[in-house]
Amino acid sequence: GVTPPSHMQGIPFLGEKLPDPRRFARGTRDRMDETLEVTRWINDGRFHLVRRYDSRPPLDQQTLLSSYNSNGELCQEIRRLKAEGQLSANQLHYWSDIQPPVLLFDTHSDPWCGVNLVGDPEHSERLDAMQEELESFLLRERDLGFWPEPDRVDAQHGGSSWELARQGDAYPLERILATANRVGDGVKHRDALERALRDPNSAVRFWAAVGLAAFGKEVADSLAAVRTALDDSAASVRIVAAETIARHDVGENADRAVGLLVRELDSRNEWAACRAARSLELLGEGARSHVDPIREALQRRKAGFYGEKGIDPVNSGLEFSLTTAIERLDTR
């Protein structure tokens, strides 16, 4: 019988005075140890819309590389079958390397969510309406998941991220979302993403870098623009740019990019170091020439090289990534 205060979220599900049921359930999927994605979903009780703003992380997140899950016999067998091209279409729906940015499923007729209805004219209006509802919710609630962790941590010296997201220009979510919405939608957005790479806001630049990285090999025509981001003031942007250059450029450019990632491992910003570690893990052979500095960086963080009491020098995500990278590259 108590009237909930206005600042409380959620709706009552027990009692005499129940409100109308909500039209949609919503959810998120973000960090899992060293793997980071920004995925949002919305469900109307039957249709389930998934919006993956970074289409690069696979659904299993770990990419079958991590020491966290690669020791299991099942994962080793899946890895072998994938390498031999023996996984079925349904299995690849889960284990493939690249995922569509938007997925829509009818959970009544397709409870396992295996048939993506995006592109089906019969569901185009529903798709548009659910995407509009989702984006409206993200903007209304000032979803903080689009603010890269290193940038957000640095910004919090001026107040809590919750407050900063609702005042001033620290978190222009409308502009950030406009860039994030282009990720995974093809090279037709090349010019817009290259322009966004020069935006005054670091989160916009970050999503521009992610969008260009998602081009895969087709990023070749944008490598000059990505190289300029190696000197960006924001660690989040530098790290995405460095992984892209290391993966798709050659010679001194690629070596410089890997060296940048290794230097970021010593960052006092824990989340910048964590992102750099994940990039080195994913680069695999591309980081071989730097395996000794990577090993030394992990040892420094484990030893608490800051020398400050009460600070955890290594988080699990960073340790997982660097351990995996070293195991794959160390031949000693």
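His290 touches Asp255, Val258, Gly259 and Val262, leaving aside residues up to four places away in sequence, where contact means heavy atoms within 4.5 Å. This residue, His290, is placed in the loop between α12 and α13, with helices (H or I, at least four residues) and strands (E, at least two) taken as DSSP runs and numbered from the N terminus. His290 is buried, at a relative accessible area of 12%; buried means under 20% relative accessible area, exposed over 50%, and partly exposed in between (1.4 Å probe, protein chains only).

The model is predicted, and local features need pLDDT of at least 70, side-chain atom pairs count only at pLDDT 80 or more, while totals for chains, interfaces and linings use all residues. Residues are numbered from 1 along each chain as its sequence is written, and side-chain values use heavy atoms, with hydrogens and water left out.

**Helix α11**

- Helix α11 covers residues 251-264, has 14 residues and reaches 21 Å from its first C-alpha to its last, which is close to the 20 Å expected at 1.5 Å a residue (the expected span is 1.5 Å times one less than the number of residues).
- Its buried residues are Ala254, Ala257, Val258, Gly259, Leu260, Leu261, Val262 and Glu264, and the buried residues of α11 pack against α10 (235-248), α12 and α13.

**Helix α14**

- Helix α14, made of residues 316-329, also has 14 residues, and from its first C-alpha to its last it reaches 20 Å, close to the expected 20 Å.
- In α14, the buried residues are Gly317, Leu318, Ser321, Leu322, Thr324, Ala325, Ile326 and Leu329, and what covers them includes α12 (270-283) and α13 (291-302).
- An α-helix has 3.6 residues a turn, so residues three or four places apart point the same way.

**Three residues in other loops**

- Cys113 lies in the loop between β4 (102-106) and α3 (124-141); its phi is near 55°, a positive value in a residue other than glycine, and Cys113 is buried, with a relative accessible area of 17%.
- Arg142 is found in the loop between α3 and α4 (149-155); phi of Arg142 is likewise near 55°, a positive value in a residue other than glycine, and Arg142 counts as buried at 14% relative accessibility.
- Arg198 sits in the loop between α7 (190-196) and α8 (202-213) and is exposed, with a relative accessible area of 62%.
- Arg198 and Leu74 are 124 residues apart in sequence, and 45 Å apart in space from C-alpha to C-alpha.

**The protein as a whole**

- The secondary structure comes to 14 helices and four strands.
- The radius of gyration is 21 Å, close to the 20 Å that the globule rule gives for 332 residues, so the protein is as compact as a globular protein of that length (the radius is taken over C-alpha atoms, and the rule is 2.2 Å times the number of residues to the power 0.38).
- Along its principal axes, the C-alpha trace spans about 65 × 50 × 40 Å.
- Buried residues make up 48% of the 332 residues, and among contacts between residues at least 6 apart in sequence, 61% join residues at least 24 apart.
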